[in-house]
Amino acid sequence: MITKRIIPCLDVRDGRVVKGMNFSGLKDVSSPVLLADYYSQGGADELVFYDITASSDGRKLFTDILRETASKVFIPLTVGGGINTIDDFDIVLKCGADKVSVNSGAIRNPGLITEAALKYGSQCVVISADVKRVDGVFRVFAKGGRENTGMEAIDWIVRCVKNGAGEVVLNSIDTDGVKKGFDLEMLKAVSECVDVPVIASGGAGCTRDFITLFKTLPRVDAGLAASIFHYGEVKISELKKEMKKNGIPVREV
Amino acid sequence: MTAIIDYGVGNLFSLACSFSSIGEEALVTDDLKMLEMADRLVLPGVGAFRDARKALRESGLEDGILSLVKKGKPILGICLGMQLLFDKDYEDGVYDGLGLIPGEVRAIGEVISKGLKIPHIGWNALSIKKDSRLFKYIKNGDYVYFVHSYHAVGCECDTTSVTDYGAPLTASVEKGNVFGCQFHPEKSGEVGLSILKAFVEI
């Protein structure tokens, strides 16, 4: 049986992981390579590297780090942040990424998804959507959640999947950072409308939140989180034990 | 030395690194001389069968590969590279494969239950059907990473493991010196590396 995936997300700026972390046995808490390896050993099913660098120097550092990670960590690696052109796809794929996640780049140019899916295959193209309720309607936001595009979220996501996106990361701005659980209402609405894997993001605060997510929404395939893993509030190995106890299929390491 | 056959399909960086990490020298190459020198071959592949088949034919390496394999050199096909080993493929038409293992490649949609997502993406367990030299270091039920919409059928005699996705899908095959993994050992953590280690020890 296919297992539900647990995915830690690492925000990388100027070659370092942004959020402060503290693990025993991890010498350099902000080294993306060491942290990626730590998560992989601990049972992460996949990793997301998010490049939040603004400068071109930082960009170069990011691709160096990507290469180093891909040469040491042998689980699937998704890369996002600043992906605007097919050349951006090409650069990160050559550095060892398995999937590329697009957000604002696809909003500016929806043809990017089609082009990338034709060139690299749908399995390689992830649409990441930042979604927030505005007057009771799910709206897509761009630029890291700062700008309301006015687009209705489900229409947008369905269109991206039709154009060739092979996976959806749904990040709820409403629950992001609140740590009171995933946005089940939003995730339900989206997961019922697409046939590709849906990854839930935003809101995980404890182990229970993942159990509730997978128990309530069988069409959600994976849960993504950053700070609760980075701060050690939830340990992936223990999370997976709990999931198994609750009858959720998981890969135990 | 292991030669990873570069016929212009997909990115072979991680694959090469996975061999280095188990202490095996791996060379990504499109040079037939290097394939001849290598102790074993890896046939990778992503994307559509037709494109990969065309790329392999146009690489000019096909006859060389077939003759090396017929002389006994071990070859491991991975994902689409495994699908290329069979007689026939039915992805958007009918295409001839390399014919190294009897069987054909069909859409998983023909066998899996309705409502399951296609492609089959993620970690799934191996159910071992027959002993394989690739399984020296792994056990029944170990998890590996899959990404595929097609799978091999009619190859029961050579199937060494299957995985359950609403129906049993062919996960690995072995026939003499010809091996195939539908999953990605280079993306399957320690289990995947153990499979590659077993391959290089053959």
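Strand β6 (residues 125–134) of chain A runs antiparallel to strand β7 (residues 137–142) of chain A, and five bridges join the two. Everything here comes from a predicted model, where local features need pLDDT of at least 70, side-chain atom pairs count only at pLDDT 80 or more, and totals for chains, interfaces and linings use all residues. Residues are numbered from 1 along each chain as its sequence is written, while chains are lettered from A and ligands numbered from 1 in the order in which they are written.

**Strands in chain A**

- A quick word on terms: helices (H or I, at least four residues) and strands (E, at least two) are DSSP runs, numbered from the N terminus, and two strands pair if DSSP finds at least two bridges between them.
- Across from A:R133 you'll find A:F138 in β7(A).
- The hairpin of β6(A) and β7(A) has two residues between the strands, and A:D135 takes a positive phi near 50° there.
- β7(A) also pairs with strand β8 (residues 147–152) of chain A, in the antiparallel sense and over three bridges.
- In that pairing, A:R139 sits opposite A:E152 in β8(A).
- Four residues lie between the strands in the hairpin of β7(A) and β8(A), where A:K143 has a positive phi near 55°.

**Two helices in chain A**

- Helix α1 (residues 32–42) and helix α2 (residues 56–70) of chain A have axes that come within 9 Å and cross at roughly 35°; axes are lines fitted to C-alpha atoms, for helices over the stretch in contact, with angles from 0 to 180 degrees between N-to-C directions.
- A:P32, A:V33 and A:A36 in α1(A) meet A:I65, A:E68 and A:T69 in α2(A).

**The sheet in chain B**

- Here eight strands make an open, mixed sheet, in the order β2-β1-β3-β4-β14-β13-β12-β9.
- β2 (26–29) and β9 (127–128) of chain B are the edge strands, each with a single partner, so one side of each has no neighbour in the sheet.
- Strand β3 (residues 40–43) and strand β4 (residues 75–78) of chain B are parallel, with three bridges.
- B:V42 has B:L76 in β4(B) as its bridge partner.

**Where the chains meet**

- Chain B has 24 residues in contact with 22 residues of chain A, contact being C-beta atoms, placed from the backbone, within 7 Å.
- On the chain B side, α1 (13–21), β8 (120–125), β10 (143–148) and α6 (189–200) each give two or more residues.
- β8(B) gives the most, with five residues.

Technical notes
Two residues are in contact if their C-beta atoms, placed from the backbone, lie within 7 Å.
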